[in-house]
Amino acid sequence: MNTPINYELVERKIEELEVPEIGNASIREIVQLVSSIEAATGQKYIRMEMGIPGLPPAQIGVEAEIEALRNNVASAYPRIDGIQPLKDESSRFLKLFMNIDVKPEGCIPTVGSMEGSYAAFLVSGSCHKERDTTLFIDPGFPVQKQQLLVMGQKYETFDVFDFRGSKLRDKLESYLSKGNIHCIVYSNPNNPAWICFDDEELRIIGELANKYDVVIIEDLAYFGMDFRSDLSKPGMPPYQVTVARYTENYILMISSSKVFSYAGQRIGMLVISDALYHRHFPYLGERLKVHGFGNAIVHRVLYSLTSGTSHSAQYALAAMFKGANDGIFNFVGDVKEYGEKAKIMKQIFTENGFTIVYDTDQGKPVGDGFYFTIGYPGMTGGELLHKLLYYGISAISLGNTGSTKEGLRACVSNVKRDQFEDLTIRVKQFNADFPIITE
Ligand SMILES: Cc1ncc(COP(=O)(O)O)c(C=O)c1O
């Protein structure tokens with residue numbers, strides 16, 4: 001078959017990757033594979049496998065970071081729980097964009113939300129001797145499961161596709177009633193499906209967190225990016241929806257990577273509710289020689305992992321939060337481009353036989369944002385990923401995200417608008433080469 005990328009070469013490179021099944025390859029393995037095919041052929045892929053921000057970093061952060069470096073912050077160890085201006089502006093940000101109250105004390109910088117989730121899993125899993133399992137409301141971000149693998153912690157998972165709205169309650173209770181779950185994790189908006197839990201669902205999650213005394217880890221890596229509502233105005237509704245309205249047992253993770261296009265500097269905020277921060281757990285004392293949840297995070301885990309977050313990056317994030325809080329930096333406006341690109345790309349795929357796998361959100365069409373999901377009739381996610389590689393298109397399989405559906409996660413950020421023409425040609429050829437058989 002005459003495919004845009006040489007078939008034999010793709011096969012050879014897949015073999016070199018030494019992953020038995022391409023559908024199970026991790027994001028970084030696909031990145032490595034596609035980069036090596038690009039290098040060997042000189043041809044460019046439509047790269048949708050990794051969520052690298054495709055926009056320049058927020059300048060307000062860059063300027064503040066340069067100034068901080070000029071002021072010699074590089075020579076001093078930063079406070080592990082964060083510099084005061086960052087803690088203060090974070091707390092203000094939570095009030096102005098979420099309408100929740102968290103003291104600056106509980107706003108702690110981490111080396112990306114990756115470090116935040118690692119610390120949260122570790123401490124949450126050390127609170128009760130009999131609770132050793134994390135529950136993922138999937139689909140989700142695969143690396144968090146890898147973190148648990150590395151730590152030797154257990155997890156359970158279910159695909160939320162069939163359990164939206166009020167159905168979520170019974171499903172969650174079926175896990176929580178067993179007594180082994182210490183925390184529940186989900187991202188909102190969801191990576192990879194871009195579905196967004198609404199207040200009804202967050203209320204259910206919050207009420208069950210209270211009933212079963214579990215910690216909710218709400219991953220807000222895509223804060224404000226449900227573009228169906230305008231979440232860009234400080235101090236004015238609508239606000240970013242959150243479980244924090246329904247329980248005090250929460251940790252929020254706000255990454256700078258996507259909303260501020262600041263992924264390279266590796267900084268995010270781990271936000272612990274006032275109540276959870278000061279809560280004592282007897283088993284924590286035995287396990288980590290400290291009683292309070294917040295102290296365990298700061299003085300045991302973050303101290304051991306990285307002893308704080310890059311000093312200059314903290315100044316950058318403080319300035320970005322301040323700009324947003326003061327209403328002079330519209331961070332949501334800056335990232336809207338992702339939603340606009342997603343709309344066009346989804347159309348290119350659906351006009352050529354593809355389907356959107358997670359296509360609705362509580363009865364409404366799913367929004368356009370950083371990711372979308374695609375399927376092709378009659379093909380498993382693994383097959384589709386494998387075949388698209390011959391057509392110069394890369395993504396990751398939904399199976400990797402805890403989804404039970406066949407299909408792929410497509411990330412829009414790294415695809416340039418001037419590649420849409422190529423994308424259209426390749427997808428059209430794919431559709432012609434693999435005609436959909438309708439009975
Ligand atoms: C849902 C989710 N959580 C966490 C992260 C990691 O964020 P960070 O770059 O801040 O470590 C990502 C990055 O893609 C993500 O999509």
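The following legends describe close-up views of a predicted model. Residues are numbered from 1 along each chain as its sequence is written. In this predicted model, local features need pLDDT of at least 70 and side-chain atom pairs count only at pLDDT 80 or more, while totals for chains, interfaces and linings use all residues.

View 1. Domain 1 covers 7-55 + 331-433 and domain 2 covers 59-325, with bounds that come from an automatic or database domain assignment. Their C-alpha centres lie 28 Å apart. In the contact, 31 residues of domain 1 meet 33 residues of domain 2; two residues are in contact if their C-beta atoms, placed from the backbone, lie within 7 Å. On the side of domain 1 that touches domain 2, helix H13 (331-350) and strand S12 (371-375) are the elements that give two or more residues. Helix H13 gives the most to this side, with 6 residues. Helices (H or I, at least four residues) and strands (E, at least two) are DSSP runs, numbered from the N terminus. By class, the side of domain 1 that touches domain 2 has 13 nonpolar, 13 polar and 5 charged residues. Here Ala, Val, Leu, Ile, Met, Phe, Trp, Tyr, Cys and Pro count as nonpolar, Asp, Glu, Lys and Arg as charged, and the others, Gly among them, as polar.

**View 2. The shell around the ligand.** The ligand is surrounded by 13 residues, and the closest are Gly112, Ser113, Ala221, Ser255 and Ser257. A residue is near a molecule if its C-beta atom, placed from the backbone, lies within 6 Å of it. Helix H5 (residues 112-124) gives the most to this shell, with 3 residues. The shell divides by class into 4 nonpolar, 8 polar and 1 charged residues.

**View 3. The sheet of 7 strands.** This open sheet has mixed pairing and the order S2-S8-S7-S6-S5-S3-S4; two strands pair if DSSP finds at least two bridges between them. Strand S2 (107-110) and strand S4 (154-159) are the edge strands, each pairing on one side only. Strand S2 runs antiparallel to strand S8 (residues 268-272), and 4 bridges join the two. Within this pair, proline 109 has methionine 269 in S8 as its bridge partner.

**View 4. The sheet of 4 strands.** A further open sheet, with antiparallel pairing, has the order S9-S12-S15-S14. Strand S9 (355-356) and strand S14 (396-397) each have a single partner strand, so one side of each is left without a neighbour in the sheet. Strand S14 pairs with strand S15 (residues 408-411) over 2 bridges in the antiparallel sense, and serine 397 stands opposite leucine 408 in S15.

**View 5. The crossing of helices H4 and H12.** The axes of helix H4 (residues 84-98) and helix H12 (residues 311-325) come within 9 Å and cross at roughly 35°. Axes are lines fitted to C-alpha atoms, for helices over the stretch in contact, and angles run from 0 to 180 degrees between N-to-C directions. The residues of this contact divide into 8 nonpolar, 3 polar and 3 charged. Among them are Leu86 and Phe93 in H4 and Leu317 and Phe321 in H12.

**View 6. Backbone features in loops.** The peptide bond from aspartate 138 to proline 139 is cis, with omega near 10°; proline 139 is placed in the loop between strand S3 (133-138) and helix H6 (142-151). Another cis peptide bond joins proline 237 and proline 238, with omega about 0°.
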